[in-house]
Amino acid sequence: MDAAVSRRSLLRNMSLDGMSPYLIQHRDNPVDWYPWGEEAFAAAQASDRPILLSVGYSTCHWCHVMERESFHNQETARYMNEHFVSVKVDREERPDVDSIYMDAVHTMTGRGGWPMTVFLDHEGRPFFAGTYFPEVDRHGMPGFRRVLEAINHAWQNRRGEVTKQADQLTRALGMAVRSAEELPGLERAKSAYESLAHQFDLQNGGFGGAPKFPQAPILEFLARISGRSWATKAPAMLTTTLTRMAQGGIRDHLGGGFARYSVDRVWLVPHFEKMLYDNADLARLYVRAWQITKNPVYREVAVDTLDYMMRDLRHPEGGFYAAEDADSEGVEGKFYVFTSDEFRQVVGEELYPVVSAYFGVSPDGNFEGANVLHQASTPEALSEWFDVTVEEVGEIVGRAKHRLRARQATRIRPGLDHKVITVWNGLALRSLAVAGSVLGMDTYLEAARANARFILSEMRQPDGRLARVWSNGLAPISGFLDDHAAYALGLLELYQATGEAEWFIAAQGLVDRLTDHFDSTDGVVFAVADDAGSDLVVRPVDQQDNPSASGASLAAECFFLMGRLTGEYRFHEQFERIVRAGDRLAEAAPSAVGHLLAVLATSLMDFKEVALCGPDALEWTGRLNQDYRPDLVLAPSTGPNEQIPILSGRYRQDRTVGYVCRNGVCRLPVESCEELEDLL
């Protein structure tokens, strides 16, 4: 490689944003990477080269593979440097860039994923898009070098065709779905439920075949409608999915938490990376399932998941890191799996028969000759097979887990993505607040408070907006719609759990900024602020709830709840606008808007606001939270509180009173929790 190019590459890579673990992973590539921005587009224009945009994230297994195979290859890098301006983007830092060009991938290929590889003209318009390309032709996929040569040939010799393709693709990206003229009603929720019931995997839970994702937004919808007379299958759809996932290898049976997805339809073999958003969403869903069923297994899984987050993903000052890698020592799943021989040696001969049957361990294994641990049998069945009590089975499995964890502690852990991402921390905050209140665990409430203090002190910018990411004291990127909406919902949940008005006030400030910075005149809520999207070829819409809730549906829930707690109609208007904007998508593809459907279903219930004032307000809150009540929002306060409109003027000295309100109109107060529960 030319020495000047090598030096330029090194300098370019050193200038990449050092806070992103994903960008750091590519710092030593011989590719002359540019960060996203004006400099890259100017270089493309000046040299008349197309832009090669590569998007991924630090815990992405196939991103690592492509980095090793192609971006670290000297000849491939030389070709990239000669014929392209190569731009590297961390999708978790720039979800707006990722959103636009992932739409291009879906449009061209019918599927998506990471690493994402897109070729752009000088104006940022995509003309060819794909995901992972192998080093050489393999399994029907063209090799990356062959793709590069074909794109360069088209750029040099068929520029007119390239321009035409870019025009057509960009027009498709810019097409907005028209809003419904009226607010959708109960029939929309019912038809979505029927569609999802038709897609449901009755045997294994979940939706579709392999690979299979948890799809937490859809499960949220099922949880919220599980008490409705028209959704009789919803409880079984929810609990079957959560039970099968809890038994499967997608769940880490030693360390707690869930992997991002299963490569099969039975939840057995995971793609081993663990994401904060999955674990936060699933922990809350397991709490909700415990409220609905009182099945202790769901409580156990929720606690294990939250404890994993607090042990392995928590920053010492309260924030939560983004993810753990699928790989350790360059091998996928190495930290988690056991050969049959190693498993036998670790647990011991006396425990092996029972625990190998419990965890499904066999000499052949289920993953490249090793074993992904999963619950292959129930304690009740093992009790009969081995002529021991169920309690003895539990004790044997517990001893084995202790020994297996000790062995794992000697291994090299998967890589940690140490970014603190605001939206995912909002989901974590919400889960901790819910679990702390519902399960009566102050540890979780203290962790929630620490998280709120951290985010609001370290990531709140001078104008009141939140930053997108934080790492090592740096938070340079302004947050997006989902960051502000998710964190506002987390703060509202923390207020409901603690009665501490500071969290409500902070949430209201963030909700106000949703309108100030993310609104538009055409009734659609976008992923970027009005003053932040000048370098984008189109303005991306954040409406699809996949794999977690979208910024739009989170914002809709913010506006709905804030309207109920304040009585201000402006919030309800914004809620309606977002729901109408997403209605046509809900009609055509309900599985893509699970959280929006959950919010819609909630709004169509006999929704109530419950004001609790007095020294026992939090005790009453805990009692009310023993059952899942998606049809109410709580406003507790142990003392006088004039800052929260629904509580204003309602405090009574030295006694606790409860008000049940509908649309701001409240019944006479009651002075016992039993009377309050009767009213509800």
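Modeller: Happy to, and let's begin with a term: a salt bridge is a side-chain nitrogen of Lys or Arg within 4 Å of a carboxyl oxygen of Asp or Glu. Also, this is a predicted model, where local features need pLDDT of at least 70, side-chain atom pairs count only at pLDDT 80 or more, and totals for chains, interfaces and linings use all residues. Residues are numbered from 1 along each chain as its sequence is written, and side-chain values use heavy atoms, with hydrogens and water left out.

Colleague: Good to know. How many salt bridges does the structure hold?

Modeller: There are 52 salt bridges in the structure.

Colleague: Which residue forms a salt bridge with Asp-304?

Modeller: That partner is Arg-251, and the closest N and O atoms are 2.9 Å apart. Asp-304 sits in helix α13 while Arg-251 is in the loop between α11 and β5 (261-262), so the pair ties together parts 53 residues apart in sequence. Helices (H or I, at least four residues) and strands (E, at least two) are DSSP runs, numbered from the N terminus.

Colleague: Is Arg-251 buried or exposed?

Modeller: Arg-251 counts as buried, at 8% relative accessibility. Asp-304 is partly exposed, with a relative accessible area of 27%. The cut-offs are under 20% relative accessible area for buried, over 50% for exposed and partly exposed in between, using a 1.4 Å probe and protein chains only.

Colleague: And what does Glu-568 pair with?

Modeller: Glu-568 forms a salt bridge with Arg-570, with 2.6 Å between the closest N and O atoms. Glu-568 is partly exposed at 29%, and Arg-570 also counts as partly exposed, at 39%.

Colleague: Switching to pockets: what volume does the second largest pocket have?

Modeller: Its volume is about 410 Å³. On a 1 Å grid over the protein atoms alone, a cavity is a set of points where a 1.4 Å probe fits but cannot get out, whereas a pocket is an open set with protein on both sides within 12 Å along at least five of seven lines; lining residues have an atom within 4 Å of a point. Grid points are joined across faces, edges and corners, and the volume is the space filled by probe spheres set on the points.

Colleague: Which lining residues are closest to the centre of that second largest pocket?

Modeller: Of the 20 residues in the lining, the closest to the centre are Val-297, Glu-300, Tyr-358, Gln-375 and Pro-379. The elements giving two or more residues are α11 (234-247), α13 (296-312), α16 (379-386) and α17 (390-408). Helix α17 supplies the largest share of this lining, six residues.

Colleague: How does the lining of the second largest pocket divide by residue type?

Modeller: It has eight nonpolar, eight polar and four charged residues. Here Ala, Val, Leu, Ile, Met, Phe, Trp, Tyr, Cys and Pro count as nonpolar, Asp, Glu, Lys and Arg as charged, and the others, Gly among them, as polar.

Colleague: Which residue other than glycine has a positive phi near 50°?

Modeller: Glu-368 does. Glu-368 is in the loop between α15 and α16 and counts as exposed, at 73% relative accessibility. Asp-48 has a positive phi too, of about 55°, although Asp-48 is not a glycine.

Colleague: Last one: where is the cis peptide bond with omega of about -10°?

Modeller: That bond joins Ala-210 and Pro-211, and Pro-211 lies in the loop between α9 (186-199) and α10 (216-225). The peptide bond from Asn-546 to Pro-547 is cis as well, with omega near 5°.
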